[in-house]
Amino acid sequence: MLLRLVPEFELRRDVLPWLAERGCAAALDTSENSSALYVVNVERNGKIIYTWKGNQRNTHIGLYDLQTKQNEHLYMFEKNLHIISCSINNERTLLAVSFCQYTEEERASQLLQSDIEQFDIHVVAEEEHKVVIQKSGQLPRAKVVDDLVWAQWDMMEQRLFYIVPKESKSTLRCVQFYPEENFNSILESHLDIAVNDTQLKLVNFGYDYCQDQDVASKSLNLQVFTSKAGGLCVCCSLVSDIPHEIIYSIYFLHKGYNKTFTVSLERTKSHQFKEVAFMNLDYYVAAYLPGQFLHLLNIQHPDMLCYSLFLTGEDARIDTLQNCSIRSPWVSAVLDCNAGSLYDVSISDSALLQFLQKSKRDCERLAALHCALLYFQHTEDLEMQIIRWISENLSTCHSFNPIQEFIIASLYCRMCPETQNLDKLLPYTSLHDWIGVVPGVICATDIISLPVLEFQNSKGFWEKLNSNLESVKYAEPHLHYHSKGLRREWRNLSEEREERRTTAYLRNIFENAKKVLSHLDTWDSEARLVPLFEEEDYQQQLLMGLMVAQLKDHLMRHLQYIGKKKIDQIVLDYVANLLNLVHRIMKEVWRRYQLHSCIFCFDERGSAGEFAVFHIMSRILEAANGMCMPLPPGFHTLHLGLGVRCLPLHTLLHYIDNGILQLTETCVRKLLKDLDDTEQNEKLKFSIVMRLPEALGQKVRQYWNHPINANLMARKYVKLLLEKLGNGQCSRPVPERLSVPVEFLPLNYLTNMLAEIENQGVHPYEKQDHVNARFVEETALKHTMTLLGLKYS
């Protein structure tokens, strides 16, 4: 089961034995009156208030403390009352009770004309364990709201949400209460929900109208949920005229739209249908129909349907919740009103991973992946299991790249909680849209008007909600950072010549990269398990520095108020964490395939494990190229080393020619030095040398002491000198004989001409002094003698 429920309180388990000890037989006789014992409120401190009927049909109120696991008898009324709700203060000197005072015949007319009023009640102690209301006939009162059809009390934040009918639509309002006993209306939002002939329903007040089926059928099945990130959702179950069809809507008021879901049920009798129950899981809202489905909707990113998790069958089963009288009094809590049971509810990490591993649809995999990262943050063990799943399913996900989604979503979840409004500026997915569908679910999206807020100097939830609404006004999707400009700038700078890479702009870019890499020095001791970060990589450091610069500019445009120093730290942490995540993936696959810390030995072929790691590295490179994100220094060297060990020559060269494998100085130098010159190795070395960029070739060819390489170097040397001569950079020399006589006149003329050009200072290989006219002469003679089959001395 995906949702894990832990029983915090049960009337039968925690209260009935205590009542039995007190001899309260009427409360235990459920056959006489099923509502004799029931929960009337869950207080802000988590204490549970319940009521029961005494032996004389009087009404008692008791309290259960979740911390001490103790019951306490609070008050008794010498009447048979049906209590709707009850609350007390910490000192037990103030009791607030709501109860029904009318007959069943009066119920319908009374419920259509409902008030909630606030009374200022003071009590005084009269006798031991007895208090009375002071001046009960002159209670100061203040009108809070009238003419409502639905109300929900938020005991944790002392807020009252209520709905009033207004023409064809309805209006949701909220009243915020404060410790100094004043209150004010703070929110108004118009909802497209019909309330004609709707009877009053109170949510989280204790009395459950589901006990009266006639009333339940005419009242709104609706709940309001808030989240720590400033999310405000209205969840409503709608009536469908089509049999075997369930319709419910989620109004994402903080986003400015609502989504209406239509679910077709199969092989179910109509009398088995029950109301959809809604639960608040903070980052998610759960819509639950017992025995049918469980729908988890992402509150922060409800725009794409692929971020909501729709489960059916065994995956959606919750054994302990099999009726429709379910309320969510606060975040991650569920109250079964009929059974009188309170549960702590959470998403099971093990069940979520099992679902991820067995899922066959991309929509389910993507939703489960994001749910695991968002809900459980970055738990190391969970992260390891997700990486393992990714490495096993690289080729089975067709509509998204799992490596890209893992890195982007993980960065989002790591960085955003630290700074307010950062979640609106950083990318949370690599996808631009989602064209897939969730089987069995039809979703319709409608734009709605944004709520109107009226508050002053309010912190916490209302401030965050207001920030979300402001983002919607300014087209939030366009605020998220993207890499289009980064890719263009990186290409431009990569193609510039060496002499132009000393500008102040570039020096600043590389200084950014150094700061990022300095963050990585504090990694754990296992960092060296994978041989990365042990060399300089010009291209990757250039990309790192550019990302820092562009991300910093992006955040400065929207977060100026937090200061430059804070933004600098956020950006450096972001890029360093990106490299850390790539390294984390590498470390897990390295450990999984039991590779040793150094694999740069080219005298043997790679193992099956090395080939698997090479394949995963190729997919990491593909993901990085797709998002234009930097890779840890040494990644390309390690990738090339595995490629040399694992791939046949023609495949290796194909990967090099197509840019999948990049020739690095570290790997090529070691390959040329360590491999002996067998026929097969000569072919490999020559193929690699021929593909080296000119600047890199000048650095590493000297490490291959072989006639083929010497001949290649001599040819390039002659070509460069003659090009200089042809460009008029030197005067035509007068041939003279060298100190060593050579009877082959063409070679003699060529070497004298090259020597003269060298004497005039035109030297293309200034750092390689052993390449000169004499070297060309000796190489030419050796090559000629070899072709003629003669020995050279």
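Analyst: Happy to! Angles under 35 degrees count as roughly parallel, over 145 as roughly antiparallel, 65 to 115 as roughly perpendicular and the rest as oblique. This is a predicted model, where local features need pLDDT of at least 70, side-chain atom pairs count only at pLDDT 80 or more, and totals for chains, interfaces and linings use all residues. Residues are numbered from 1 along each chain as its sequence is written, and side-chain values use heavy atoms, leaving out hydrogens and water.

User: Why are H13 and H14 called roughly antiparallel?

Analyst: Their packing angle is about 165°, with the axes 10 Å apart. The axes are lines fitted to C-alpha atoms, for helices over the stretch in contact, and angles run from 0 to 180 degrees between N-to-C directions. H13 and H14 are therefore roughly antiparallel. On the H13 side, the contact (heavy atoms within 4.5 Å) involves residues including Val-582 and Trp-590, and on the H14 side Val-613 and Ile-620 are among them.

User: What makes H14 largely enclosed?

Analyst: Buried means under 20% relative accessible area, exposed over 50%, partly exposed in between (1.4 Å probe, protein chains only). In H14, 14 of the 20 residues are buried, so the rest of the structure largely encloses this helix.

Terms used:
Helices (H or I, at least four residues) and strands (E, at least two) are DSSP runs, numbered from the N terminus.
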